Amino acid sequence: MMEEGKVYHAFIEGYGSDGTGIARIDGMVVFVKHGIRDELVDVFVEHVGHHAAWGRVVKVIQPCPGRRQPDCPHYAVCGGCQFRHMNYAEELEAKRIRVEDALRRIGGAEIRVPKIWGAARIDRYRNKVQLPVSDQAIGYYRARTHQVVDIDDCLLQPERANACRRAVREWMNVYQVPAYREKEHKGLIRHLYLRFNQAGETLCCLVVNGRSVPHGDALVELLRAADPSLAGVVLSVNTRRTNVILGDSYVTLWGRDWLEETLCGLDFRLSVPSFFQINREQTEVLYGRALEFAGLTGQETVLDLYCGIGSISLCLAKQAGRVIGAEVVPQAIEDAKANARRSGITNAEFFCGDAGEVARRLAEEGTRPQVVCVDPPRKGLAPDVVETIADMKPERVVYVSCDPATLGRDVKRFCERGYRAVQAEAVDLFPRTAHVETVVLLSKLK
């Protein structure tokens with residue numbers, strides 16, 4: 001019987017959904033932090049559950065060619081990255097295998113994932129940063145905790161994020177501005193939130209447990225000196241007991257409360273709460289694959305569910321006859337309409353509402369899209385949304401997914417409703433982390 005606190009020899013067979021290695025010790029599955037497939041290692045067992053155990057590598061006995069020395073001093077304690085102990089080629093293969101396994105094992109689809117689109121830039125790619133704040137640190141949470149680890153430099157962020165972080169820390173120290181304390185629901189500064197655009201500008205937002213901050217002019221002065229590309233400083237008011245980062249109202253301390261960005265040749269205006277993919281370059285790859293899977297000729301009606309600020313919808317509109325976007329967040333729909341006007345696109349329309357409700361209403365009105373595109377959140381599609389889409393009988397469904405497990409589940413539901421997964425590719429939007437995006441084409445069986 002395996003025991004906690006002991007070291008065992010183990011062979012790493014593959015990877016779990018969070019990037020950990022998987023081994024079997026005494027017949028039990030063990031999730032091994034920093035394990036790499038095909039390696040023989042010594043594992044320190046930290047916890048033994050009823051059906052699985054968890055441990056970490058303490059010694060590599062037979063390393064594989066994919067292992068490398070982590071290049072970040074915070075990697076051992078920070079929960080931001082999961083793959084810095086392996087080279088990028090091995091990381092990509094781990095992600096490709098994960099997607100293919102989910103489609104086959106969970107989705108029951110006999111389909112290969114022949115390609116994963118890797119990133120040309122695997123560091124400094126994030127265009128948005130959300131850093132929790134404590135009295136001692138501004139950084140990332142330690143893995144599986146709410147303890148903030150102070151980060152000198154995160155390799156996923158633009159370097160100018162460090163300057164803004166140091167400026168905020170100096171302001172808090174000089175003026176004794178307290179950080180928010182979650183358990184007591186006291187203190188002021190909850191998160192430091194930064195946006196960056198391709199033009200080199202920065203938008204800085206402080207999420208605060210209040211309606212103002214002391215010595216706001218001094219904060220602005222320090223930030224402007226630290227980052228000359230600063231476009232604006234904004235407060236997000238969040239006085240609720242919640243894990244949701246942003247509040248419902250915003251106060252501009254200085255400058256603009258938005259940035260402009262281009263994506264796939266389209267122009268977007270991004271405020272603090274606007275949803276926009278973290279990795280702009282790889283998002284263009286992802287949307288390009290979705291557009292190819294859609295197989296548009298210029299005549300089709302396309303329904304885009306979970307359209308957000310319209311980024312995929314507007315890309316589709318370039319090659320479709322008509323595009324209808326649906327999104328439950330009112331501000332996102334307003335942004336989508338404005339983005340369409342900004343890019344001069346007139347064949348896209350947007351409706352605010354739950355995805356299933358909008359799809360049902362369109363079906364009742366006689367709208368029959370030839371193509372449906374979905375890009376749901378991590379929880380995937382509700383069963384009624386799958387049913388409604390299937391009842392509309394589109395020729396093709398293009399499913400853009402950020403979670404292979406819920407993708408597999410939904411693919412199985414579509415297959416039960418007369419569709420077949422015919423093509424799938426993975427796209428790496430978040431190098432060095434366990435996240436992976438997938439595009440699947442589902443075709444209506446004749």
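How much space lies in the second largest pocket?

## Basis of the model

This is a predicted model, in which local features need pLDDT of at least 70 and side-chain atom pairs count only at pLDDT 80 or more, whereas totals for chains, interfaces and linings use all residues. Residues are numbered from 1 along each chain as its sequence is written, and side-chain values use heavy atoms, with hydrogens and water left out.

## The second largest pocket

The second largest pocket holds about 390 Å³ of space; a pocket is an open set of points on a 1 Å grid over the protein atoms alone, with protein on both sides within 12 Å along at least five of seven lines. A volume is the space filled by probe spheres set on the points, which are joined across faces, edges and corners.

Its lining comprises 20 residues, and those nearest the centre of the pocket are Val 133, Tyr 141, His 146, Tyr 180 and Glu 182; lining residues have an atom within 4 Å of a point. By class, the lining of this pocket has 8 nonpolar, 6 polar and 6 charged residues, where Ala, Val, Leu, Ile, Met, Phe, Trp, Tyr, Cys and Pro count as nonpolar, Asp, Glu, Lys and Arg as charged, and the others, Gly among them, as polar.

The structure contains 3 cavities of 30 Å³ or more, a cavity being a set of grid points where a 1.4 Å probe fits but cannot get out. The largest cavity has about 90 Å³ of space, and among its 13 lining residues Cys 72, Cys 78, Cys 81, Arg 84 and Cys 154 are the closest to its centre. The lining of the largest cavity divides into 9 nonpolar, 2 polar and 2 charged residues.

The second largest cavity, with a volume of about 40 Å³, is lined by Tyr 15, Gly 16, Ser 17, Gly 19, Phe 83, Ala 94, Lys 95, Arg 98 and Ala 434. Helix α1 gives the most to this lining, with 3 residues, and the lining as a whole has 4 nonpolar, 3 polar and 2 charged residues.

## Helix α1 against helix α9

Helix α1 (residues 88-106) packs against helix α9 (residues 404-416) at an angle of about 35°, with the axes 8 Å apart. Helices (H or I, at least four residues) and strands (E, at least two) are DSSP runs, numbered from the N terminus, while axes are lines fitted to C-alpha atoms, for helices over the stretch in contact, and angles run from 0 to 180 degrees between N-to-C directions.

The crossing of α1 and α9 is right-handed; a crossing has this hand if the near helix is turned clockwise from the far one by less than a right angle, and is left-handed if anticlockwise. On the α1 side the contact is made by Arg 98, Val 99, Ala 102, Leu 103 and Ile 106, and on the α9 side by Pro 404, Ala 405, Leu 407, Gly 408, Arg 409, Val 411 and Lys 412, contact meaning heavy atoms within 4.5 Å. These residues comprise 8 nonpolar, 1 polar and 3 charged.

## Two further helix pairs

The axes of α2 (residues 160-174) and α3 (residues 216-226) come within 9 Å and cross at roughly 150°, and the two helices are therefore roughly antiparallel, a term for angles over 145 degrees. Ala 163, Cys 164, Ala 167, Val 168, Glu 170 and Trp 171 of α2 meet Ala 218, Leu 219, Leu 222, Leu 223 and Ala 226 of α3, a contact with 10 nonpolar, no polar and 1 charged residues.

Helices α7 (residues 355-364) and α8 (residues 383-392) pack at about 25° with their axes 9 Å apart, which makes α7 roughly parallel to α8, as angles under 35 degrees are counted. The crossing of α7 and α8 is left-handed.

## The loop residue Gln 198

Gln 198 is placed in the loop between β11 (189-196) and β12 (202-208). Apart from neighbours within four places in sequence, Gln 198 is in contact with Glu 261, Thr 262 and Arg 280.

Notes
Angles under 35 degrees count as roughly parallel, over 145 as roughly antiparallel, 65 to 115 as roughly perpendicular and the rest as oblique.
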